[in-house]
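Hi,

Here is the structure I said I would pass on.

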Amino acid sequence: MTTPLPQQLVLTSRRLLVAIAAVSFLGILDTSYLVAKHFIGGPVKCVLVQGCDTVTSSVYSSILGVPVALLGLIYYLVFFFIAFWAIDRESSQIKKLLLFLAIIGVLFSSWFLYVQAFILSAYCTYCLVSALTSILNLIFSGSLLVNKN
């Protein structure tokens, strides 16, 4: 027989939504830096990897003239506000919407990781952080949908 987890360790829907909001806030900070650098100019400071300027100035850094970082910022803002708004509401539709958005985010991140690795042969720290936040949001959103607490 298994011992139940202490209540403070149980992943409730509320805790998962707070985690999604927190991860999305990290995404907002991450993409805000890239958006600011895009419009203000100047080099993008790379940490741990090399190639941030290569990635952020490539033809892949915009879609129809809109910077990918700006699209990412909008994505994380929407994700953050939906998760924050949903904290005190119980709705399977909101949970499904968050999962759908998370899947879209991971698909885009996967494409951009592919571009960095196999087309540009350069990596951007901030793009890698964004991919990680997308993956975490997918994990938390999927957990939210199956969570019974």
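Predicted model: local features only at pLDDT ≥ 70, side-chain atom pairs only at ≥ 80, totals over all residues.

Residues are numbered from 1 along each chain as its sequence is written, and side-chain values use heavy atoms, with hydrogens and water left out.

**The whole chain**

The protein chain has five helices and two strands. Here helices (H or I, at least four residues) and strands (E, at least two) are DSSP runs, numbered from the N terminus. The C-alpha atoms fill a box of roughly 55 × 30 × 20 Å, taken along the principal axes. Of the 149 residues, 40% are buried. Buried means under 20% relative accessible area, exposed means over 50%, and partly exposed is in between (1.4 Å probe, protein chains only). As for contacts (heavy atoms within 4.5 Å), take those between residues at least 6 apart in sequence: 74% of them join residues at least 24 apart.

**α4 and α5**

Now find helix α4 (residues 92-120) and helix α5 (residues 125-146), whose axes come within 8 Å and cross at roughly 150°. The axes are lines fitted to C-alpha atoms, for helices over the stretch in contact, and angles run from 0 to 180 degrees between N-to-C directions. So α4 and α5 are roughly antiparallel to each other. For that label, angles under 35 degrees count as roughly parallel, over 145 as roughly antiparallel, 65 to 115 as roughly perpendicular and the rest as oblique.

Who touches whom? Residues of α4 including Leu98, Ala102, Val106 and Ser109 meet a set in α5 that includes Ala131, Ser134, Leu138 and Ser141. The residues of this contact between α4 and α5 split into 13 nonpolar, nine polar and two charged. In that count Ala, Val, Leu, Ile, Met, Phe, Trp, Tyr, Cys and Pro are nonpolar, Asp, Glu, Lys and Arg are charged, and the others, Gly among them, are polar.

In length, α4 has 29 residues and reaches 40 Å from its first C-alpha to its last, close to the expected 42 Å. The expected span is 1.5 Å times one less than the number of residues. With 22 residues, α5 reaches 32 Å, close to the 32 Å expected.

Among the buried residues of α4 are Ile94, Leu101, Phe112 and Val115. What covers the buried residues of α4 includes α1 (13-40), α2 (52-56), β1 (62-63), α3 (68-86) and α5. The buried residues of α5 pack against α1, α2, α3 and α4.

Leaving aside neighbours within four places in sequence, Ser134 contacts Tyr75, Tyr76, Gly105, Val106 and Ser109.

**Two loop residues**

Leu48 is not a glycine, yet has a positive phi of about 75°. Leu48 lies in the loop between α1 and α2 and is exposed at 88% relative accessibility. Ser121, in the loop between α4 and α5, also has a positive phi, near 50°. Ser121 is exposed too, with a relative accessible area of 60%.

Cheers
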